[in-house]
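I opened my notebook to look up a few things in this protein. My notes follow the structure.

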Amino acid sequence: MVVARQLAYKKTPICSSVPPSRGEQGNSKRYQPSTWDAYFDEKRDVAIDASTTLCTYLRHATAAPSEGQRTPVFIMHHGAGAGGLSFGLVTKLIHAMSEGKCAVLAFDCRGHGDSVSEDDTVFHLARFSKDLVALVQQVYDVKQHDFILVGHSMGGSVVVDVAYQQLLSNVLGVVVMDVVEGSALEALQSMTKLLSSRPRSFTSIEQAIQWSYKSKMVRNLEACRLSIPPLMKWSDDEQKFVWRTDLELTQPYWKEWFTDLSKKFLGSPTSKLLLLAGTDRLDKELTIAQMQGKFQMNVVMNAGHFIHEDAPDKTATYLVDFWTRFSKLILPMKKLA
């Protein structure tokens with residue numbers, strides 16, 4: 001039920017017109033929102049074209065790369081209905097574990113979080129892939145960086161598509177979190193029912209955080225307090241907070257996202273890592289390929305679908321180890337005469 005859980009539990013960005021009393025409903029301080037600046041160095045609105053601005057969170061590398069080497073950057077793409085701040089805890093840990101050598105970029109993709117675009121409800125895989133590449137090229141000098149593409153659930157399909165088609169230079173590796181093609185496509189049949197089972201509105205942001213935590217959508221309260229607020233927006237019609245992203249509008253794209261995911265993952269000409277919340281997620285094609293040593297796989301125990309939020313320490317450890325192992329295979333850049 002990987003995709004079922006993922007798609008059923010996605011959310012929405014903060015609208016500019018919110019009432020002044022988010023916490024008036026008496027929710028405990030335990031569920032008060034936290035802010036991005038405890039995890040990232042910078043929040044930047046990046047215009048990738050005339051009609052699209054992506055809300056981007058950056059953690060800068062603080063240690064210079066070795067001579068002849070490029071600065072490594074983890075590029076994080078969230079799943080449907082989630083947002084860039086879902087990677088906040090992992091980002092802070094990656095920076096510490098790498099001793100400042102790694103940078104991190106996380107962002108709200110179109111139709112999510114605080115990002116703005118004219119075609120806010122167009123969720124084609126090719127569109128997501130194009131957005132990611134354009135964003136990276138806007139923020140970084142590609143020739144001076146190595147990129148580790150990390151995608152959770154639907155975001156996994158995006159980073160694999162970019163790696164498989166070689167749309168971005170200097171991709172050191174691709175990491176897919178808790179989604180595989182077989183189980184994802186099977187779970188789509190139950191998606192509509194699962195979407196209808198979650199609350200459609202909340203009286204406060206604190207209530208949305210509380211529900212997300214107590215329902216075990218996200219099992220880490222610190223992560224909930226950070227990632228949930230941008231997934232909500234105020235509705236003047238309902239006089240309540242509603243989900244920023246209407247996941248029912250993504251239904252026409254579900255099969256497109258996950259079809260051929262295994263083929264493209266295995267065919268990507270770069271190092272590959274699959275992080276799963278349980279071995280039951282692995283389909284037949286990937287099981288055979290894993291036995292043949294075609295990719296690295298780690299299972300994050302005692303975590304739900306949002307493994308990077310539920311177990312940020314384990315996730316960060318696996319990501320930094322992945323970077324450390326395969327970065328040694330990169331040849332130094334040649335000096336220009």
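I began with the surface. The accessible surface comes to about 14300 Å², by the Shrake-Rupley method with a 1.4 Å probe. Carbon and sulfur atoms hold 49% of that surface. The model is predicted, so local features need pLDDT of at least 70, side-chain atom pairs count only at pLDDT 80 or more, and totals for chains, interfaces and linings use all residues. Residues are numbered from 1 along each chain as its sequence is written, and side-chain values use heavy atoms, with hydrogens and water left out.

Next I looked up burial. Of the 337 residues, 56% are buried, meaning under 20% relative accessible area (1.4 Å probe, protein chains only).

Then I turned to the cores. A nonpolar core is a set of buried Ala, Val, Leu, Ile, Met, Phe, Trp, Tyr and Cys residues joined through side-chain atoms within 4.5 Å. The largest one has 53 residues. Helix α3 (residues 125-139) gives the largest share, eight residues; helices are DSSP runs of H or I, at least four residues, numbered from the N terminus. A second, separate core has 51 residues, including Trp-234 and Ile-307.

Leu-274 is among the residues with the most contacts inside the largest core. I found that Leu-274 touches Phe-265, Leu-286 and Phe-295, among others; contact means heavy atoms within 4.5 Å.

Last, I asked: is Ser-115 buried or exposed? Ser-115 counts as buried because its relative accessibility is 3%. Ser-115 lies in the loop between β4 (103-107) and β5 (116-117). Its side chain reaches the backbone nitrogen of Cys-55 at 2.8 Å. Ser-115 also touches Asp-108 and Arg-244, among others.

Note on methods. Buried means under 20% relative accessible area, exposed over 50%, partly exposed in between (1.4 Å probe, protein chains only). Helices (H or I, at least four residues) and strands (E, at least two) are DSSP runs, numbered from the N terminus. A polar contact is a pair of N or O atoms within 3.5 Å; within protein, one must be able to donate a hydrogen and the other to accept it, and residues adjacent in sequence count only if both atoms are side-chain atoms. Lists of a residue's contacts leave out its neighbours within four places in sequence.
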